[in-house]
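Please read them with the coordinates open.

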Amino acid sequence: MLAYAIRRMGLSLLILIVVMVAMYGMVFLVPGDPASLALGPRATPELKEALRERMGLDQPILTQIAYFFGNVLRGDLGVDVWSKRPVLEQILEVFPNTLILGVVALGWALVMGIVLGCAAVVWRDTWADRLLGVLSVSVISVPSFVVAIYALIVFAVWLNWLPAIGAGEAGDFWSQVRALILPAFAVGIGWVGYLARLIRASMLEVMEAPHIRTARAFGMRERDIVFRHALRVAIVPTISILAVGFGSILSSAVFVESVFSRPGIGTLITGAVEKRNYPVVMGTVLFMTGFYLLVVTAADLLIARLDPRVRDVLRG
Amino acid sequence: MSFAVEETVPGRRGIGRALLADPMGLAGLVLVVVFLLMALLAPWIAPYDPIALDVKAKFQPPSAAHWAGTDHLGRDLLSRIIWGARLALGIAITSVGIAGAIGLVLGLIAGYGPRWLDSILVLIFDSMSSLPMIFFALAVITVLGPGTTTLIIVIVLVSFPAYARLIRTQTLALSGADFILAERAMGAGAGRIIFCHLLPNVVGPLVILICMDIPVVIMLEAGLSYLNLGVKPPSPSWGNILSEGYNALRQAPHVVVVAGVPLVLATLGFTFLGEGLRDVLDPRGAGRRWG
Amino acid sequence: MSVLSVEGLSVSYRVLGGRLQAVRDVTLAVGRGEVLGIMGESGCGKSTLAAAMIGLLPQGAEVAAGAIRLNGTDMLRLSGEEKRRLRGQRIAMVFQDPMTAFNPVLTIGRQLADFAGAHGGVKGAAEIAGMLERVGIPDPGRCLRRYPHELSGGMRQRVAIAAALLVRPDVLIADEPTTALDVTMEAQIIHLLRDLRSSFDGAIVVVTHHLGVIAELCDRVAVMYAGEVVEEAGVDALFRDPRHPYTRALLSCDPAVVMPGSGHLPTIGGRIPDLMALPAGCAFAARCGMAEAGCAAPVPRHQEAGRSVLCHRSAA
């Protein structure tokens with residue numbers, strides 16, 4: 001188990017290094033000088049030179065890369081070109097907002113997805129199953145930011161039930177919860193459909209298994225078979241997809257945060273992209289990639305814990 | 001005791017018929033055809049010039065003259081939506097086409113080439129697809145600057161690793177197949193094996209995957225344009241219309257409401273069609289409506 | 001009075017291009033303390049018959065005629081829910097493959113408790129452990145905490161038998177209970193079942209293609225061919241004096257009775273008939289060494305003291 005965990009983390013680290021090199025290399029592959037691109041055509045040569053120096057662009061490329069890696073290892077992701085604040089500080093300031101949004105969205109999607117997926121299995125091949133199927137495909141395909149905009153119009157503008165923008169007052173728990181409802185709805189809705197579908201497919205496969213026939217032969221209720229026996233088996237493959245899917249949850253969050261002007265990683269990075277604020281963009285991408293790899297690795301280890309067969313293969 | 005129930009893959013005519021018999025697939029087909037026609041015929045069917053300003057007629061609600069109303073610059077929304085279809089489908093098809101070609105070549109190289117090259121390519125594919133898509137896209141946009149060309153490059157970069165992986169897996173599976181081994185034993189060169197035997201067998205699954213990716217790409221284009229990081233205004237991208245409508249949310253909510261509709265219908269249409277096609281083409285999945 | 005009786009049962013499967021007749025006009029009965037063997041090649045309909053007895057026919061199966069009476073009630077006339085109440089309470093089953101018969105992600109203890117408690121009567125861990133001890137499992141307490149893959153095939157089959165006995169059924173059906181096991185395990189399980197016979201007061205139905213199992217365990221045997229019971233007799237009478245040509249052929253094919261040094265294994269020539277287009281007369285005629293023109297006519301069932309034979313020439 002430990003050897004597996006180490007191997008799994010080693011692979012993640014390798015991928016992270018490839019990503020870092022690629023990110024940094026990309027800046028130099030493109031024609032044109034990042035400093036003048038960032039400052040626009042009207043910048044004076046002195047201004048450009050000052051910025052180049054601040055970004056470390058006057059150093060030889062290998063020195064820059066070595067410097068960059070060294071800094072990242074020390075937890076220094078660079079300094080904002082404009083505000084001169086450390087990038088990591090800015091990231092850590094807004095990251096909790098995005099994390100809460102992602103976790104709450106995934107959480108309600110998971111609960112609804114499991115319930116609807118199991119319901120579809122219990123009612124399989126009836127009109128209810130078919131209706132759930134069409135609804136699932138529909139909510140999967142509708143873009144989350146369009147859902148966000150429509151939800152905002154209906155619930156914030158017309159009905160005025162929930163706040164339209166922001167993440168709520170600092171320190172006021174209920175205002176934060178109210179500000180979270182619409183974004184979490186928009187980010188999670190597609191995943192309700194996706195998970196319902198996934199659970200249903202996975203469950204139907206499990207329901208064909210001989211051990212389910214055994215449970216039936218002992219007269220267990222179909223409901224108990226679905227929820228107590230089949231779900232435990234069906235959930236295992238879902239976890240890895242859930243972890244990989246956390247990446248797309250983050251993608252949705254970027255758009256949805258922008259719709260609700262909710263401070264978070266999304267609003268931070270889109271603002272930085274517009275201003276071509278390299279250190280902030282690169283730092284955020286690196287941070288989120290690292291975080292995402294951490295989630296995926298953790299999920300793999302969790303699967304190893306949940307499925308006793310995998311656990312033993314790894315131990316042996 | 002088990003009985004093999006005969007399974008048949010429908011022929012070319014059967015695919016069409018099976019798709020028409022499936023309400024969801026049929027709805028998808030109709031929507032996709034409508035959007036394709038809108039894209040192809042935009043110059044002839046759009047009632048107005050999509051970028052012609054008429055500031056006096058700004059924020060008009062839907063009427064006989066402007067079926068979908070007008071935006072903050074008095075531009076006709078229906079015309080912008082119709083031209084937006086041309087833009088969305090044009091960008092989507094161009095970029096997945098390029099990504100498909102790159103994926104095909106790299107996948108064949110990884111699957112058929114030497115082992116060390118395969119390992120390097122797989123590490124690159126894995127690294128690229130292990131980045132959350134949006135952050136990778138934003139990094140590329142920062143470097144290249146927003147615009148239509150950047151958008152296409154971004155879409156190509158985020159989609160080709162999956163295509164390459166698929167082709168690689170298929171190639172590896174086929175390389176061990178008896179008929180390929182037989183060809184090799186008879187002294188056929190790599191070129192002949194790749195073009196006459198591997199290529200025809202790996203293209204089918206790739207086309208299905210690419211078709212299923214089109215709604216995702218349409219969504220990405222609209223999303224980035226919505227963030228003002230995609231197609232530059234005044235081009236009538238659905239994302240731009242949404243973004244402009246969002247800014248006038250309280251004055252004229254009809255703009256943003258109307259602008260969301262084509263995006264929802266297009267992604268629904270392509271997804272339904274893709275699902276229908278997969279059910280028809282994959283007989284094991286047939287009958288399992290959403291397996 | 002018999003606990004379980006099958007009366008004129010016919011089951012067919014709807015398949016592409018017609019109807020496959022898996023079980024044809026089968027009549028059988030088994031009383032308390034009695035062990036009935038159902039013997040035949042694969043594809044003869046014995047598994048379908050077993051599935052019908054426990055009310056778990058697969059999808060696509062249709063009962064064309066007949067009745068299955070458990071303590072006098074016709075199970076075929078019961079609703080799904082009523083059938084479920086009988087399963088695991090009045091009737092229980094041991095399945096062929098102990099490798100897949102248990103849920104891989106739940107402990108043995110949890111599964112046994114779920115099976116035994118499916119009808120409300122919660123069994124204590126002590127009672128479950130006691131039953132495991134009775135079927136010859138060393139250290140039952142430890143076994144309860146283990147996952148199925150941690151036990152050997154023979155151990156798992158013992159657990160399966162324990163699970164079935166735990167609910168004290170009136171009828172225990174064992175579907176190929178030893179087929180998936182190796183020879184030593186097979187012998188152990190046969191011995192176990194024989195030991196349990198004396199203390200079990202219900203009826204046992206053993207479905208198998210293995211002559212050794214029949215000879216060791218059963219009181220009476222029904223031989224099936226192409227969906228029909230071609231011969232039914234007491235086990236001694238059948239082995240000593242098989243009347244149906246098919247039974248004779250089967251007995252002579254058993255590797256255990258083949259003359260040493262004869263240098264070859266006898267086989268039955270030809271193949272089982274097409275179950276979708278069965279002849280009007282004797283289904284075995286095409287492979288029968290004794291067949292004559294008259295065999296094409298519908299076959300009468302010859303009844304005599306304690307046995308019945310389905311053959312035109314049984315008197316010959």
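1. Two residues are taken to be in contact if their C-beta atoms, placed from the backbone, lie within 7 Å. The model is a predicted one, and on that criterion 48 residues of chain A are in contact with 43 residues of chain B. On the chain A side, helices H1 (2-29), H6 (127-141), H7 (144-158), H8, H10 (222-259), H11 (265-274) and H12 (278-306) each supply at least two of the residues that touch chain B. Sorted by class, that side of chain A has 33 nonpolar, ten polar and five charged residues.

2. As for confidence, the model scores ipTM 0.84 and pTM 0.74. For chain C the mean pLDDT is 84, with 94% of its residues reaching 70 or more.

3. Chain A has 13 helices and zero strands, and 43% of its 316 residues count as buried. Among the contacts in chain A with a separation of 6 or more, 71% are accounted for by residues 24 or more positions apart.

4. Helix H8 of chain A, residues 173-207, deserves a careful look: a straight helix of 35 residues would span 51 Å at 1.5 Å a residue, yet the end C-alpha atoms of H8(A) are only 43 Å apart. H8(A) also bends by about 40° at Gly188(A). Most of H8(A) is covered, with 25 of its 35 residues buried.

5. Leaving aside residues up to four places away in sequence, Asp129(A) touches Ala120(A), Trp123(A) and Arg124(A). His229(A), by contrast, is 100 residues from Asp129(A) in sequence and 21 Å from Asp129(A) in space, C-alpha to C-alpha.

6. In chain C, strand S11 (residues 301-304) and strand S12 (residues 307-310) pair in the antiparallel sense over four bridges. These two strands, S11(C) and S12(C), form a hairpin with two residues between them, and Glu304(C) stands opposite Arg307(C) in S12(C). Within the turn, Gly306(C) has a positive phi of about 75°.

Technical notes: Residues are numbered from 1 along each chain as its sequence is written. Chains are lettered from A and ligands numbered from 1 in the order in which they are written. This is a predicted model: local features need pLDDT of at least 70, side-chain atom pairs count only at pLDDT 80 or more; totals for chains, interfaces and linings use all residues. The expected span of a helix is 1.5 Å times one less than its number of residues. The bend at a residue is the angle between axes fitted to the seven residues ending there and the seven starting there. A residue is buried if 20 or more other C-beta atoms lie within 10 Å of its own, exposed if 12 or fewer, and partly exposed in between; C-beta atoms are placed from the backbone. Two strands pair if DSSP finds at least two bridges between them. pLDDT is the predictor's confidence in each residue, from 0 to 100. Ala, Val, Leu, Ile, Met, Phe, Trp, Tyr, Cys and Pro count as nonpolar, Asp, Glu, Lys and Arg as charged, and the others, Gly among them, as polar.
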